[in-house]
Amino acid sequence: MASSSTTNISFKESEFVNSVSGDEETKRAAFVRHMVRWLCTFSGEDIESFEICLSKPMGFETEIIALIEFVVSRKVKNFVLDFSDPSWTAIHEAQEEAEASVFQLPECVYSEATTLESLKLFACGFDQSKFPLQGSLKRLCFGWTQLGKIMALLSKSPLLESLSLHHCWNIDMEEAVTETHNPLRELVFQNCDFATEYSTLDLPNIQIFKYTGSVHCFQFMRVNRIMEEVYLEFDKETEQDEATATILCGLLYDLLSARKLTVCPFLIQAIKHSEDPVRLQAAMETNHLVIRSSVKEDDFVGVRFMVNSCPDLHTLTFELVPPGPAASTTAVGFDPATFWLYGSSHGCLRNTLKVVEVRNFNGDTYVFQVLMYLMRWGLVMERLDFYLPSGVDEDHKAWARYAATKVRNEFAASSNVLQVYLHNG
């Protein structure tokens, strides 16, 4: 938990409840008393980081506010207030409960927390009009709360570098922040609901963009021309059509400067419905492409689309995952057995692709077809790395080892320096 002098303090209800007896409310009350006792005995001066994780805080507002006021007075730099319920899994299940029991951020955090560099608020109400904090806030994270016009915070937080939104709703980003100085380096969305059909972003200095959730239409005014990483995961989607494919192609086009790009099974399958399912309209600048996919026949077009869209690719990673709900049950419109037999027009295979990784390798026939193609046309390939799946029985591991050995010994390679390696998961 926490000592009376440490500068990094963490109080988590989940870690405390197993040490006391009684029903849920009794344990929660005992947990709050434990935090108050710490407050009365703390002998330190400054506090580097402070964390409270407590579900259902209503009824303990006085004690929690006293804790917050004390911590703020000790010049805290990293502050976490998490009042979400661990049982919440989706916004539509938790929204009503979260809004009914939201804990409001006390005034002292707005007016006195001048040393804060990082702030995380889950199921915690706040007043946007009172931001920014008068200090050096660099990282801001919200979860399980209603946000509204969140991007307005950027114009009032001149040092903010990272903004993360998790399971938030009513997010309104119809109008972008267009200030000349926008320092935001990292923007993360995880399973959020938006108030508008379109969101406009102005991110001239962005380095990391991560999105998990339903397909949403973003319009980018400015994007950094040298992005470090983009992660796209549409794990809740099942419907594939031309309109969705158009949105996904537009998103890839806006984020084409990403040096590392991770795409999900849904994108790989849906992209075949685009107007041009061969390649993106403009070349991506990606050096490391991670394709999360089962690599079945319904993924072939998407895999080729992504590889063909990245002429400067150095590393290609296949992260094999089980087929999801978006997997097609209809004919794919081509013969999977011959799809990879034809010559390559992919610039990266001729000039830049040196490393291919297969994680969770299982010796699947369709994966073999893709690898045979890459080895045949990968003129400068240096490494093919297989990573065995973890948590599987020895029979499955033995089969994967046999399959990797077969690739090493029997598949023809155009590169005379290619080495094949097998690794444990």
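Predicted model: local features only at pLDDT ≥ 70, side-chain atom pairs only at ≥ 80, totals over all residues.
1. I64 sits in helix α3, and its relative accessibility of 0% makes it buried. Buried here stands for under 20% relative accessible area, exposed for over 50%, and partly exposed for what lies in between, with a 1.4 Å probe and protein chains only.

2. Residues are numbered from 1 along each chain as its sequence is written, and side-chain values use heavy atoms, with hydrogens and water left out.

3. Now the overall picture. The chain holds 12 helices and 21 strands; these are DSSP runs numbered from the N terminus, with helices being H or I of at least four residues and strands E of at least two. The C-alpha trace spans about 70 × 50 × 40 Å along its principal axes. Of the 425 residues, 52% are buried. Among the contacts between residues at least 6 apart in sequence, 65% link residues at least 24 apart.

4. For the surface, the accessible area of the chain is about 19100 Å², and carbon and sulfur atoms account for 48% of that. The areas come from the Shrake-Rupley method with a 1.4 Å probe, and for residues only the protein chains shown count as cover. There are 36 positive and 57 negative charges, and their mean positions lie 7 Å apart. Lys and Arg count as positive and Asp and Glu as negative, while His and the chain ends are not counted. Each charge is placed at NZ of Lys, CZ of Arg, CG of Asp or CD of Glu.

5. Back to α3 and its partner. Helix α2 (residues 24–41) packs with helix α3 (residues 61–73) at an angle of about 35 degrees, and their axes are 10 Å apart. On the α2 side the contact involves V32, M35, V36, W38 and L39, and on the α3 side E63, A66, L67 and F70. The axes are lines fitted to C-alpha atoms over the stretch in contact, and angles run from 0 to 180 degrees between N-to-C directions. The crossing of α2 past α3 is left-handed, meaning that the near helix is turned anticlockwise from the far one by less than a right angle.

6. Two backbone angles deserve a look. Most residues other than glycine have a negative phi. A123, although not a glycine, has a positive phi of about 55 degrees. A123 belongs to the loop between β5 (118–122) and β6 (124–125), and at 3% relative accessibility A123 is buried. N360 is another residue other than glycine with a positive phi, near 60 degrees. N360 lies in the loop between β19 (355–359) and α11 (365–377), and at 33% relative accessibility N360 is partly exposed.

7. What does C141 contact, apart from its neighbours within four places in sequence? The partners are L119, K120, L121, F122, S164 and H166. C141 is in strand β7 (residues 139–143) and is buried, with a relative accessible area of 14%. K120 is 21 residues away from C141 in sequence, and their C-alpha atoms are 4.5 Å apart in space.

8. D276 is in the loop between α8 (265–270) and β17 (288–293); its relative accessible area of 37% makes D276 partly exposed. D276 and A245 are 31 residues apart along the chain, with 10.0 Å between their C-alpha atoms. G44 occupies the loop between α2 and β2 (49–53), and at 19% relative accessibility G44 counts as buried. G44 and T145, 101 residues apart in sequence, are 33 Å apart from C-alpha to C-alpha.

Methods:
Contact = heavy atoms within 4.5 Å.
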